[in-house]
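Subject: Structure handover and notes

Hello,

Here is the structure we spoke about. Please open it alongside this message; my notes follow below.

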Amino acid sequence: MIRDHAARIKHDLGKYVAFQARWLPDDPADDELREALVADLLSTRRGPDGSMDALQVWDAFRAPLVGDEPLEEVSVDLSEHRAFVELDQSMTALRVHVEALRAGEDIDLGLARAQALCVAQACTAFLNTFRELS
Amino acid sequence: MADILIIDDQDRYAELCRRAMPEHRYRGPVRSFRDAAEALGRARGRVDLVLLDVHFDIPDEDLLGFEPGAGPKQLDRLRRTQGLLILQEIRSRYPDLPVILMTSREDVRLEEEDLDSIEYTFFLDDDYVDARSLATLIRGVEDQLRGRESEGPIFWGRSLAMRQIRRRLEVLALGRLPVVLFGPTGTGKSLLARHFVHPRSGRAGQFISVDLATLPQELIAAHLFGSVRGAYTGSVGDRVGAFEAANGGTLFLDEIGNLSPEAQKMLLSVLQEGRVSRLGDLKERSVDVKLVVATNEDLKKRVREGSFRADLYMRLNPAAAVHLPPLRDRGHDLERLIGHAMERALSSPAMAGLLATYRSRHRVQGDAVRVHAGPDVPDDVPGSVLFLFPERSVRLLRAHSWPGNLREFAMTVENAVLFALGELIDAPRTGRSDVVQVRPKLVRDLLSHSPGADPLDEAQGEADTATEQGGWPVKVHVRQASTLNKVAQDCERQYFTRLYLRTRGDFSAMADLLLGDEEHARKVQLRFNQLGLKVRELKELLR
């Protein structure tokens with residue numbers, strides 16, 4: 001069911017992509033924010049078999065939606081669906097921050113945090129679309 | 001400060017909570033319902049609220065509701081709704097325990113679960129939680145808890161038994177039938193009648209209280225029903241009785257068992273007819289009174305013995321009687337009860353004057369007062385004085401038998417607070433000047449005057465000094481035996497017996513006293529077995 005898929009995206013990606021960053025005050029210290037973003041973006045999903053970064057989590061969810069073998073329940077062309085496109089674009093914008101963090105480069109931490117929060121909101125909006133349809 | 005149990009398959013919430021809200025005490029995270037049930041059992045009513053995640057990625061066999069042979073879809077759903085299943089189980093065992101579900105209400109609806117009707121369940125306002133919103137939510141729950149724990153001078157606490165008593169009294173207060181309160185002296189029967197039953201009875205008349213134990217038998221009837229001039233020797237004028245005075249209101253008769261047979265007959269007549277005649281007067285006056293009676297006697301036994309009228313007993317609505325527990329049975333609420341009693345004591349005008357002097361001498365600005373009982377010492381909050389019952393003082397109160405129940409308890413705590421403050425007013429302060437600590441020695445001194453004090457403890461000057469170093473005094477009779485080992489075992493048996501009686505058979509409390517950890521109750525129990533101590537026999541000593 002696509003609604004369940006969207007619920008999983010919200011839980012596995014939306015909840016954890018800004019999990020620690022969301023708890024920080026509005027103007028956190030740089031090292032604190034960097035530590036939170038590293039945890040949120042590079043270890044987004046943690047399980048007994050190790051962790052996945054935000055891009056890997058999204059790629060795993062994205063494939064059944066618009067890949068060669070879409071979910072059976074998908075009857076609309078999601079590649080043009082507004083909520084999906086916004087989520088996909090927000091992930092594309094996040095990609096640069098994830099890769100830079102992985103490489104240990106300096107990044108605009110405030111911008112990365114804002115983008116992570118944006119992804120979380122897009123996950124909620126994506127689920128809400130299908131919640132309303134069901 | 002709240003005592004919070006976190007049930008979550010990951011460490012993340014726990015880590016963030018500890019970092020962002022260090023003022024609370026956290027347990028866990030525990031990963032499954034089985035672990036949660038164990039943790040709640042060990043905490044023995046001390047958990048204030050539960051933070052519960054919804055989605056649990058845990059091994060199949062740890063999932064609540066797991067059945068062998070379940071397919072991937074069923075398992076997926078079990079994982080996605082695991083928190084909701086755990087919630088239902090917690091509710092069935094702890095109906096009043098507040099639970100914050102770490103999800104939004106909308107997301108629960110998505111799982112087609114209707115939790116609207118479940119009391120004490122809270123949801124996140126937003127889809128994703130942050131420290132500020134969670135802190136606000138926890139504060140709101142704490143306020144609610146405080147609101148239902150105590151009402152004015154009445155402390156209900158959190159035990160299910162006391163919640164049930166409250167509900168029952170609320171219903172009985174509204175009805176026309178009498179209310180019977182059974183309970184040992186000092187359990188708050190009069191307080192409940194005056195401050196709970198009467199205000200909820202919907203009656204505009206007065207609350208009149210009569211303690212039948214303090215009235216001479218020959219005057220009881222005149223006091224209750226009134227009299228006219230010359231009705232009895234010394235009756236120099238007409239007198240309005242308690243029934244008439246309470247007309248339209250509530251009449252509380254304490255120690256109802258003290259009624260003479262004649263007065264019992266007259267009371268029965270008033271209850272049957274709703275009319276009262278003053279002694280020596282033929283005129284009847286109709287009265288509409290909510291009657292509340294109390295006793296610490298077994299009235300049923302008195303009926304069997306023939307000293308209390310069976311028909312009057314039945315008129316008192318014994319089927320709906322309320323039995324108030326002695327204080328020693330309310331141990332789970334002890335820390336909170338200490339806090340409540342301290343707050344009550346500190347609200348008196350006399351205490352305000354002393355407190356002002358203390359603040360001025362020790363330069364503590366502001367006018368806030370906080371209270372705390374238990375093992376942790378809360379951080380200072382600028383402008384406030386903290387009254388602290390440290391763990392060792394709490395243990396002394398826990399170990400006391402409280403023959404005078406709540407009345408004795410409230411007086412002890414008030415004295416403790418008063419003397420602790422008084423001692424510190426002129427003393428030079430070296431530590432935190434915002435903390436007024438009630439030291440164990442002071443508590444021990446106060447308890448030694450109670451009829452419930454252990455006479456062996458009183459006779460132990462030297463041992464008392466030892467307790468200041470962290471121990472607990474006990475006197476044993478050293479008796480000869482064939483080996484040193486047998487002598488030692490005999491002493492140990494006496495010591496464990498005393499400990500059993502002191503803690504009223506609570507092995508967790510014994511473990512706490514001996515090993516500083518109540519989770520080692522089983523170790524203590526095993527030691528009892530090794531020493532050949534029979535718990536069944538010891539239980540008899542507690543009766």
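**The second largest cavity**

By class, three nonpolar, one polar and four charged residues line the second largest cavity. Its volume is about 80 Å³. The model is a predicted one, so please read every value here as computed from it.

The lining residues of this cavity are B:E391, B:R395, B:R398, B:A399, B:T503, B:A509, B:D512 and B:L513. Two helices of chain B, α16 (391–399) and α22 (507–515), each supply at least two of the lining residues. α16(B) gives the most, with four residues. The cavity also draws on two domains: domain 3 (330–466) and domain 4 (484–542) of chain B each give at least three residues to the lining.

**The largest cavity**

How many cavities of 30 Å³ or more are there? The count comes to four. The largest has a volume of about 310 Å³. It is lined by 22 residues, and the closest to its centre are A:A7, A:H11, B:V54, B:T103 and B:D107.

Which element gives the most? That is α1(A), with four residues. By class, the lining has ten nonpolar, three polar and nine charged residues.

**Chain B overall**

Chain B has 543 residues, and buried residues make up 49% of them. Its secondary structure comes to 24 helices and 17 strands. Along the principal axes, the C-alpha atoms of chain B fill a box of roughly 85 × 70 × 60 Å.

The chain is divided into four parts: domain 1 (3–151), domain 2 (160–325), domain 3 (330–466) and domain 4 (484–542). Taken over C-alpha atoms, the centres of domain 1 and domain 4 of chain B are separated by 36 Å.

**Backbone points in chain B**

The peptide bond that joins B:G28 and B:P29 is cis, with omega at about 15 degrees. B:P29 is in strand β2 (residues 25–30) of chain B.

B:E255 is not a glycine, yet its phi is positive, at about 55 degrees. The residue sits in the loop between β10 (250–254) and α11 (261–273) of chain B. Is B:E255 buried or exposed? B:E255 has a relative accessible area of 15%, so it counts as buried, the cut-off being under 20%.

B:W402 also has a positive phi without being a glycine; the value is near 50 degrees. B:W402 belongs to the loop between α16 and α17 (405–425) of chain B. Its relative accessibility is 2%, so B:W402 is buried. α16 is also the helix that gives four residues to the second largest cavity.

**A buried lysine in chain B**

B:K189 is in helix α8 (residues 189–200) of chain B. Why does B:K189 count as buried? Because its relative accessibility is 5%, and buried means under 20%.

In sequence, B:K189 and B:A294 are 105 residues apart. In space, their C-alpha atoms are 6.6 Å apart.

**Chain A**

Chain A averages a pLDDT of 86, and 90% of its residues score at least 70. Where is confidence lowest and where is it highest in chain A? The lowest is in strand β1 (residues 45–47), at a mean of 82. The highest is in helix α3 (residues 30–42), at 94.

One side chain to inspect is that of A:T129, in helix α6 (residues 109–133) of chain A. A:T129 has a relative accessible area of 18%, so it is buried. A polar atom of its side chain lies 2.9 Å from the backbone oxygen of A:A125.

Best wishes

Terms used. Residues are numbered from 1 along each chain as its sequence is written. Chains are lettered from A and ligands numbered from 1 in the order in which they are written. Side-chain values use heavy atoms; hydrogens and water are left out. Domain bounds come from an automatic or database domain assignment. pLDDT is the predictor's confidence in each residue, from 0 to 100. On a 1 Å grid over the protein atoms alone, a cavity is a set of points where a 1.4 Å probe fits but cannot get out, and a pocket is an open set with protein on both sides within 12 Å along at least five of seven lines; lining residues have an atom within 4 Å of a point. Grid points are joined across faces, edges and corners, and a volume is the space filled by probe spheres set on the points. Ala, Val, Leu, Ile, Met, Phe, Trp, Tyr, Cys and Pro count as nonpolar, Asp, Glu, Lys and Arg as charged, and the others, Gly among them, as polar. Buried means under 20% relative accessible area, exposed over 50%, partly exposed in between (1.4 Å probe, protein chains only). A polar contact is a pair of N or O atoms within 3.5 Å; within protein, one must be able to donate a hydrogen and the other to accept it, and residues adjacent in sequence count only if both atoms are side-chain atoms.
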